[in-house]
Amino acid sequence: MPMKKYALYKLLKQNNNLRNLRHPMFERNKFMKFLGWFMFLYYAALLIFLGVALGLGMGEHGIAAFHYLDGGLPIIIIIDFWVRFILQETPAQTVRPYRLLPISRSFLMNVYLVSSGFSLGNLFWWFMLVPFGIISVMPLLGWGGLAGWLLGWWMLCVANGFAYLFIRSLCMKHLAWAALPALVHGIWVALMVLPKHNLLDMPCTELMYGFALWNPLPYLLGMLLVAASYWANYKLQLQITYEDVAQKEEVEMKTARDFSFFNRFGTLGEYLKMEMKLRLRNKQVRTQFFVGLGLMLFFTGMMYFTDVYDNTFMKSFICLYEYIILGLMTLVGIMCFEGNYIDGLMSRRESIYDLLCAKYYFNSIILLVPFLTVLPLTIIGKISIWMNLGYLFFTIGVIYPCIFQLAVYNKESIPLNQKLIGKQGNMMQQIVAIAALVLPLGIERISVLLVGPVWGYAPLVLLGIVGLYTHKLWLRNIYNRFMKRRYLLMDGFRNSRKS
Amino acid sequence: MNITLSNLSKTFGEKVAVDINQFEISSGQILGLVGNNGAGKSTLFRLMLDLIKPDSGRVLMGTTDVSQGEEWKDWTGAYIDDSFLIDYLTPDEYFAFIAKVSGITSEQRNAFLEKFSHFMAGELTGQKKLIRNLSAGNKQKVGIVAAMMLQPKILILDEPFNFLDPSSQSAIKRLIVQYNQESGATILISSHNLQHTVDISTRIALLENGHIIRDIEGGDSHAMATLEEYFQLHE
């Protein structure tokens, strides 16, 4: 007898929870579990604090108090949307194991879309909205008004969640789709910032006020938004699962670029070619690489087109970020992609050393991008050439050697083509990432304070050159330590591989 | 080249995966390793390739302890499973990679691949398909060809007949024997196909719960009868 639909719904939800809890990269990683809870509590507390502070701070403005917050609706929606990229999976990923079972695909899709709609994540903003609403909405509109106002916010978050799923799924086909929400959100910000008066303020406050007054029109609009985004998702996700089943992946490449330029570098050239192909032929690696590159250029753009960050500290901060962002994104998980074929690499003599060298050269050469893009700014005097050189060398000669140490400790394979949400990372990676952000700024600040803005960067350049000059020594040291821990590492890579 | 296993043991929890007191494989032998699922065949190969740490004992290739250095990798070719393959390369690129890092010239590589052209059946070279998009059988072929390209003194293949169509199975048998005769290499293969194992092996080791329980001379009807009796193929 077929299972009743509700029982099936519950079973599928339970399976999905187990899937996350028993994920090999999560189950074995107590630190990430702790960090996950810590971050959750931290942000919840932060939002409660914000809600109380805003409620009290705006209290004297009477009914306009929550209008202020409602006027900021687009900003909250924008933040909510982009944060989801870090935390939320798409249904197409989660229904994959069931696609050959006698369960209707549309039922599966509805289960996951409904679960996604009713996900507690859509209530996260309530940590801020509830205290704020109790202070500023309830006294004026009563508990009913507060309930309506909160319900309105929730509906918009649900619709936003579905919009995210839609775009996220399109991004899996082609990353360029990320430009669509970026454009829409850019227009929203422009409408808020560029005119003399915020053009979105009035519609947003009216909409949220309508929710609070239980006016049917905003609810109708809210439901329409949720229904439309749900339907669009349903259609798209279904199409994606069909494509997945039919393996519509392009099996034959149009051109198999060989990067024969690297042939001149012998064995090292082969590993350099492999680095190129790793980035260009694997969805997960490619996305990580191009997002990193995009952020790198974004930081350059910030320095070109705004003067908001023109104080010395912010210039330093942005310039440093420009140099380290790509390395932080791609090297913190060093060797994790290679974990997928570690046995093959380990059966060849010193292949890990050659691979580490190739990685170092590749990542160092790519730093010419920030160096050259910032160069015009040094010519017009907006950025000092010493700062530019300082961070270039410091990244190559100090930050990279620090990040490369992770090759000795990383032991979780990361799938080359499948997106993993919120399950990556370990304590060592977090420490190195934070150190990479704090250390150079600290050295630069102290040094600039002591010897001025020109000579202040000399220690960065000097330390960087030392690191660059001795790279074969420290890479060899990493390799030797990797080999000493090889059984542990290979075991970890193997156990986390098939997930 | 001789291979010596001394006091080699490996357990996973309560389960004994490998427990071999002393076992020597002479230079030029083709050793067929047979046993039921979980008998420890793949674990033994992984121990021999230094891919997992033994609880005790050691593996010597000639006089080299595999856990103490890497020079043995220069003369050892192996294919266990697809974790040996860099699957975002095309077969051509993968062969070129293996050749280059092993110091094989492109002329030597092409000559070698020519010898394997019948085995590859025109489905591997000259294609723009990535290894990950190949069928299981073709992936298996890529792994075997790459392992043999090194012209190794020791060749280790875990279940090389798996996923292969009958003509490819026949071709790889012929190529393995031919390679052994031409080079004198020591070859180890594991398989569930008793007939193929008997056909090509000069010696057969029967593994059960990590122990070598029979050491059989290969290539005759006695070997087949012993194996059939063990696996109870005949009621």
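How many helices and strands are there in chain A? Chain A has 23 helices and zero strands, where helices (H or I, at least four residues) and strands (E, at least two) are DSSP runs numbered from the N terminus. This is a predicted model, in which local features need pLDDT of at least 70 and side-chain atom pairs count only at pLDDT 80 or more, whereas totals for chains, interfaces and linings use all residues. Residues are numbered from 1 along each chain as its sequence is written, and chains are lettered from A and ligands numbered from 1 in the order in which they are written.

View 1. Of the 499 residues in chain A, 36% are buried; a buried residue has 20 or more other C-beta atoms within 10 Å of its own, with C-beta atoms placed from the backbone. Two residues are in contact if their C-beta atoms, likewise placed from the backbone, lie within 7 Å. Among contacts in chain A between residues at least 6 apart in sequence, 80% join residues at least 24 apart.

**View 2. The side of chain A that touches chain B.** The contact involves 27 residues from chain A and 25 residues from chain B. On chain A, helices H13 (266–281), H16 (342–346) and H23 (486–495) each supply at least two residues of this side. H13(A) gives the most, with six residues. By class, this side of chain A has eleven nonpolar, six polar and ten charged residues; Ala, Val, Leu, Ile, Met, Phe, Trp, Tyr, Cys and Pro count as nonpolar, Asp, Glu, Lys and Arg as charged, and the others, Gly among them, as polar.

**View 3. An open sheet in chain B.** Four strands of chain B form an open antiparallel sheet in the order S2-S1-S4-S5; strands pair if DSSP finds at least two bridges between them. Strands S2 (15–25) and S5 (64–65) of chain B stand at the edges with a single partner strand each, so one side of each is left without a neighbour in the sheet. Two bridges join S4 (residues 56–61) of chain B to S5(B), and these strands run antiparallel. B:Leu60 stands opposite B:Asp65 in S5(B).

**View 4. Helix H1 of chain B on the strands.** Helix H1 (residues 41–48) of chain B lies across S1 (3–12), S2 and S4 of chain B, and runs at about 60° to S2(B). Axes are lines fitted to C-alpha atoms, for helices over the stretch in contact, and angles run from 0 to 180 degrees between N-to-C directions.

**View 5. Chain B as a whole.** Chain B comprises eight helices and ten strands. Of its 235 residues, 47% count as buried.

Notes: A residue is buried if 20 or more other C-beta atoms lie within 10 Å of its own, exposed if 12 or fewer, and partly exposed in between; C-beta atoms are placed from the backbone.
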